[in-house]
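Visitor: Please take a close look at the charged side chains in this model. Where do they pair up, and what surrounds them?

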Amino acid sequence: MRLRNITGSKEYIAESEFVVHEPEYEKGKWKERFNNNNPIFIEIGMGKGQFLFESAKKNPKINYIGIEKYSSVLIRAIQKMEEEALSNLLFIRMEAEEIEQVFDFEEVDRIFLNFSDPWPKDRHAKRRLTSGQFLERYDKILSKEGRIEFKTDNIGLFDFSLQEVEKSKWSIKEMTRDLHKNEGMMKNNIMTEYEKKFSAKGNPICKMIIYR
Ligand code: SAH
């Protein structure tokens, strides 16, 4: 994600009704926050939120929460919500490592990881959102029948993720190294901003769905 420092974005976000400002206080109570009993799907590293907007519009009976660490990116999603507010979509500005402080045991029904940062240096492997450390965090917050859907065009990150899954209690439910040519897995596919960008360049998109 290109990081432009947008002046005032922190202040702007602090005043937005679409952002949950003290998400740790919602822990265990997210359904109350949405005022319904619908499942909760989250995207970690949502960027400007294109995937979430389309998902939330298509599936009004699902509650979506987008997590993003950078204000300068999140602000774009907030501006979109100001044009067209969706009652089943909320945002949190936070670092994903703190996810267990925000969601209770099995509170989440699905996790989307779309085009996560690759962190190519070995010494940063722990920061990759599909590392063993993150898979353990997801294990706590995801419902028993829940699953994680991960898409990337980064082959190194995809291979690493497969190895991490193999070492963990998670199993592969479905997987492809060329999503856009896989009819079955393309059904209901919602393109993310990065997916559009990288597939336009000719990069094949890899996807895995994992469960336990
Ligand atoms: N999912 C979007 C954006 C992908 S870029 C898409 O597919 O188009 C990855 C995004 O994840 C960036 O906006 C980055 O700031 C965010 N991100 C990366 N690591 C994160 C972390 N540890 N916690 C929260 N957000 C993170």
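**Charged pairs and their setting**

Guide: Start with lysine 58, which forms a salt bridge with glutamate 54; the closest N and O atoms are 3.5 Å apart. This is a predicted model, so read every distance here as computed from predicted coordinates. Why can these two side chains meet? Lysine 58 and glutamate 54 are four residues apart in helix α3 (residues 50-58), so about one helical turn separates them. How open is each partner to the outside? Lysine 58 is exposed, at 54% relative accessible area. Glutamate 54 is partly exposed, at 32%.

Now a pair that spans more of the chain. Arginine 137 forms a salt bridge with glutamate 100, with 4.0 Å between the closest N and O atoms. The two sit in distant parts of the chain, 37 residues apart: arginine 137 in helix α5, glutamate 100 in the loop between β3 (89-93) and β4. The cut-off for a salt bridge is within 4 Å. Arginine 137 has 18% relative accessibility. Buried means under 20%, so arginine 137 counts as buried. Glutamate 100 has 28% and counts as partly exposed.

Lysine 207 and glutamate 149 form a salt bridge, and their closest N and O atoms are 2.8 Å apart. Lysine 207 lies in strand β7 (residues 206-211) and glutamate 149 in strand β5 (residues 142-152), so this contact ties together parts that are 58 residues apart in sequence. Both lysine 207 and glutamate 149 are buried.

That pair does not stand alone. Which residues share its network? Arg110, Arg147, Glu149 and Lys207 are linked in a network of salt bridges. Over the whole structure, a search finds 16 salt bridges.

Stay in strand β7 for a moment, since lysine 207 has brought us there. Isoleucine 210 also has its place in strand β7. With 3% relative accessibility, isoleucine 210 counts as buried. What lies across from this isoleucine? Serine 171 is 39 residues away from isoleucine 210 in sequence, yet the two C-alpha atoms are 5.4 Å apart in space.

Lys69, Lys121, Arg123, Lys126 and Arg127 gather in a patch of positive charge on the surface. Patches take residues with over 30% relative accessible area and no salt bridge. Arginine 123 is exposed at 63%, so this member clears the area cut-off. Where does arginine 123 sit? Its place is in the loop between β4 (108-114) and α5 (132-141). Helix α5 has come up already: arginine 137 is located there.

Glu22, Glu24, Glu97 and Glu98 form a patch of negative charge on the surface. Among them, glutamate 24 has its place in the loop between α1 (9-14) and α2 (30-34). Its relative accessibility is 41%, so glutamate 24 counts as partly exposed.

Glutamate 106 is partly exposed, at 25% relative accessibility. Asparagine 188 also has a positive phi, near 65 degrees, and is likewise not glycine. Asparagine 188 belongs to the loop between α7 (183-186) and α8 (193-200). Here the residue is exposed, with 72% relative accessible area.

The protein has eight helices and seven strands. Its C-alpha trace spans about 40 × 35 × 35 Å along the principal axes. Does the radius of gyration agree or disagree with that of a compact globule? A compact globule of 212 residues would be near 17 Å; the protein has 16 Å, which agrees. Buried residues make up 49% of the 212. Lysine 207 and glutamate 149 are both buried, whereas lysine 58 is exposed.

Conventions:
Residues are numbered from 1 along each chain as its sequence is written. This is a predicted model: local features need pLDDT of at least 70, side-chain atom pairs count only at pLDDT 80 or more; totals for chains, interfaces and linings use all residues. Side-chain values use heavy atoms; hydrogens and water are left out. Patches are made of residues with over 30% relative accessible area and no salt bridge: like charges are joined within 9 Å, nonpolar side chains (Val, Leu, Ile, Met, Phe, Trp, Tyr) within 5 Å. Accessible areas come from the Shrake-Rupley method with a 1.4 Å probe; for residues, only the protein chains shown count as cover. A salt bridge is a side-chain nitrogen of Lys or Arg within 4 Å of a carboxyl oxygen of Asp or Glu. Lys and Arg count as positive and Asp and Glu as negative; His and the chain ends are not counted. The place of a charge is taken as NZ of Lys, CZ of Arg, CG of Asp or CD of Glu. Buried means under 20% relative accessible area, exposed over 50%, partly exposed in between (1.4 Å probe, protein chains only). The radius of gyration is taken over C-alpha atoms; the globule rule is 2.2 Å times the number of residues to the power 0.38.
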